[in-house]
Amino acid sequence: YSLDCGGIMIDKKIFEKLADIEHIRWSNWQKYVHSICIKNEDGSLTIPKEFVEGWKRQINTKYDNLTETEKISDRKEVKKYLKIIVDNINKHKDKSA
């Protein structure tokens with residue numbers, strides 16, 4: 001069956017595939033963050049200052065103002081799920097035509 005996602009109908013299987021891709025993205029990000037952190041004796045992690053400063057800058061920067069390298073990184077992430085989204089939209093367009 002389909003789900004209504006803000007006016008766009010999406011097949012539940014596709015929705016779950018997108019959620020799976022998001023979980024993989026998040027999991028890979030967490031692996032990276034954990035790998036650069038300092039492991040404390042109590043099991044907590046400390047993010048090195050240079051990473052915090054860089055991420056704060058990125059958080060406060062609009063996409064248009066990111067460096068080209070940062071934009072390429074964001075585009076790479078979008079490519080992981082864009083085809084699934086476009087295929088779903090086209091599928092529903094074909095049904096309504």
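Helices (H or I, at least four residues) and strands (E, at least two) are DSSP runs, numbered from the N terminus. This is a predicted model, in which local features need pLDDT of at least 70 and side-chain atom pairs count only at pLDDT 80 or more, while totals for chains, interfaces and linings use all residues. Residues are numbered from 1 along each chain as its sequence is written, and side-chain values use heavy atoms, with hydrogens and water left out.

β1 (residues 2-5) and β2 (residues 8-11) run antiparallel, joined by four bridges. Strands pair if DSSP finds at least two bridges between them.

Click Gly6 next. This hairpin has two residues between its strands, and Gly6 takes a positive phi near 65°.

Color by pLDDT, the predictor's confidence in each residue, from 0 to 100. The protein averages 90, and 96% of the residues score at least 70. Among the elements, β1 has the lowest mean, 74, and strand β4 (residues 45-46) the highest, 98. Where pLDDT is low, the predicted coordinates should not be read in detail.

Move to helix α3 and pick Glu70. Is Glu70 buried or exposed? Glu70 is buried, because its relative accessible area is 12% (buried means under 20%, exposed over 50%, partly exposed in between; 1.4 Å probe, protein chains only). A polar atom of the Glu70 side chain lies 2.9 Å from the backbone nitrogen of Thr67.

Finish at Leu82, also in α3 (residues 68-96). Leu82 counts as partly exposed, at 41% relative accessibility.

Note on methods:
Polar contact = N/O pair within 3.5 Å; in protein donor to acceptor, adjacent residues only side chain to side chain.
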